[in-house]
Amino acid sequence: MNNFTYSSATGTNSALKLFSESPDRNARFLAGGTNLIDLMREGIEQPESIVDITRLPLAEVRELPNGDLRVGAMVRNSHLAANALVRERYPMLSQAILMGASAQLRNMATTGGNLMQRTRCYYFYDGAAACNKRAPGSGCDAMEGFNRIHAILGASPQCIATHPSDMCVALAALDASVNITGPSGERRVAFSDFHRLPGDTPERDTNLEPGELITSIDLPAWSSGLHSTYRKVRDRASYAFALVSVAAALKVEGGIVREIRLALGGVAHKPWRASVAENFLRGKAATADNFAAAAAAELAPAIPRRHNGFKIELAKRTITLVLSELAADEGAMR
Amino acid sequence: MKSFQDGLQSISLHVNGVERSLTIEPRVSLLDALRDHLGLQGTKKGCDQGACGACTVLVDGERINSCLTLAIAYQGREIVTIEGLAKSGALHPMQRAFIEHDGFQCGYCTPGQICSAVGMLDEFRKGAPSGVTPLSKENGASSELSDAELRERMSGNLCRCGAYVGIRDAIHEVYGATRS
């Protein structure tokens, strides 16, 4: 690991100032460190300065007057997953977090940091490989390489990497908002606009500008009767990244889908909000056939590579299963 | 380029109840600080990338992977390593149970397993959910620690010898012995 200058910020303003004082602004904010330290050790990230933000007073979950939940950026994953209000109102968020990483990592990782995770594409991590994300213009060895874990939706000729987070899949389905502060002031970004598709600039994972800092995530109040869950399919029962994951919330009245939120993980460069499937199902009968047809419509534009074609069928089946189970749960509750 | 000397900083870490001073570069992990600077080699370096759990230590009572940290960022925190679990010459109940149940073969993952198990039981007793905890039934002090719960909660610690059965039995015994 290259050496760097270390400083610890006590407030948001001091964090921004310390960042701006870094030579060439080649600084990184350090939160839980579970991804950044690893990337620095591998030489993929080589900051001149580290600004430690773990002491910022952003570690609270609180309810806003309008019923939204505001999650501070420094709330650690384990604490967010165990939060009673999150457990009660947004089960899929708690489940998604608890199905990611290990207990040790969840004790370290923060809410803001989870959004800033970088892909676990082997070629991104391998300094000897071509990777447009790590070294723009160098090519992409994943295209013809071992691409079993790679994207089937929204990829580009430049990059087929996937976003690794579970938590972010639930946040995408939740219609969360990201509160950001930076040199030009504060702004608020819809969660679906926070992460980017690779396009011609795969080196950019998010729309966060250099020197900007995530301060909190807002979870919107949900209508009653919206039930949610998170399903993760992976190579082993625990402590593995998703091959495909599904975050879903469903409200059925009189056998008709009244509300639906659906997002997929493990399939794209960003948490994939399944709007096509949602639009297909809204107002339709809550049947397994309709769920399967919605899943097929969502996956219609999927492009398989040599080793990851199985993800298309896997995603369809997982969506159908999860929605059928949610619909059955609702039936049982009536 | 910053010179080596410029990069050195004096810090202090609270480890196993003792305030320790050391001079390190900011890039030194807590794991390397413990092993190479403080002579506490009980904490092991397995993968050095957060995938194996051999480096697990307790910070303010919570288990973390010490490899994915900067030591300098852990000043003022209460760090407990495998060397700090035994009190007054008596083994911690978890250490004794690992010996009793043959919870290891080569022993390399053992300090991490034991620290992780101590932290895990604390989390479980406080009612923290895991990925297999049903939403309808929250854990509490009165809940049973099922095999499924134990395996899920310990999945961050790998054992290449495959001593999992003994590890599981050791943790079950300590949980049973300390419950209610």
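A residue is called buried if 20 or more other C-beta atoms, placed from the backbone, lie within 10 Å of its own, exposed if 12 or fewer do, and partly exposed in between. By this rule helix H9 of chain A (residues 167-174) is mostly covered, with 8 of its 8 residues buried. Helices (H or I, at least four residues) and strands (E, at least two) are DSSP runs, numbered from the N terminus. The buried residues of H9(A) are Met167(A), Cys168(A), Val169(A), Ala170(A), Leu171(A), Ala172(A), Ala173(A) and Leu174(A). After H9(A) comes Asp175(A), with a positive phi near 60 degrees.

The model is predicted: local features need pLDDT of at least 70, and side-chain atom pairs count only at pLDDT 80 or more, while totals for chains, interfaces and linings use all residues. Residues are numbered from 1 along each chain as its sequence is written, and chains are lettered from A and ligands numbered from 1 in the order in which they are written.

Domain bounds come from an automatic or database domain assignment. In chain A this assignment gives domain 1 (5-55) and domain 2 (227-333), and the C-alpha centres of these two domains lie 37 Å apart. Chain B is divided into domain 1 (4-84) and domain 2 (93-178), with C-alpha centres 23 Å apart.

Two residues are in contact if their C-beta atoms, placed from the backbone, lie within 7 Å. Within chain B, 15 residues of domain 1 are in contact with 14 residues of domain 2. On the domain 1 side, strands S3 (56-59) and S4 of chain B are the elements that give two or more residues. The largest share of that side, 3 residues, comes from S3(B). Ala, Val, Leu, Ile, Met, Phe, Trp, Tyr, Cys and Pro count as nonpolar, Asp, Glu, Lys and Arg as charged, and the others, Gly among them, as polar. The domain 1 side divides into 6 nonpolar, 6 polar and 3 charged residues.

Between the chains, 30 residues of chain B are in contact with 29 residues of chain A. Strand S4 (62-65), helix H4 (110-125) and helix H5 (147-153) of chain B each give two or more residues to the chain B side. S4(B) gives the most, with 4 residues. This side of chain B comprises 10 nonpolar, 12 polar and 8 charged residues.

Two helix pairs in chain B were also examined. Axes are lines fitted to C-alpha atoms, for helices over the stretch in contact, and angles run from 0 to 180 degrees between N-to-C directions. Helix H3 (residues 93-100) of chain B packs with helix H6 (residues 164-178) of chain B at an angle of about 135 degrees, with axes 8 Å apart. Angles under 35 degrees count as roughly parallel, over 145 as roughly antiparallel, 65 to 115 as roughly perpendicular and the rest as oblique. H3(B) and H6(B) are therefore oblique to each other. Their contact is made by Pro93(B), Met94(B), Ala97(B), Phe98(B) and Glu100(B) of H3(B) and by Ala170(B), Glu173(B), Val174(B) and Ala177(B) of H6(B). These residues divide into 7 nonpolar, no polar and 2 charged.

The axes of H3(B) and H4(B) come within 10 Å and cross at roughly 125 degrees. This pair is therefore oblique. Met94(B), Gln95(B) and Phe98(B) of H3(B) meet Thr110(B), Ile114(B), Ala117(B) and Val118(B) of H4(B). By class, this contact has 5 nonpolar, 2 polar and no charged residues.
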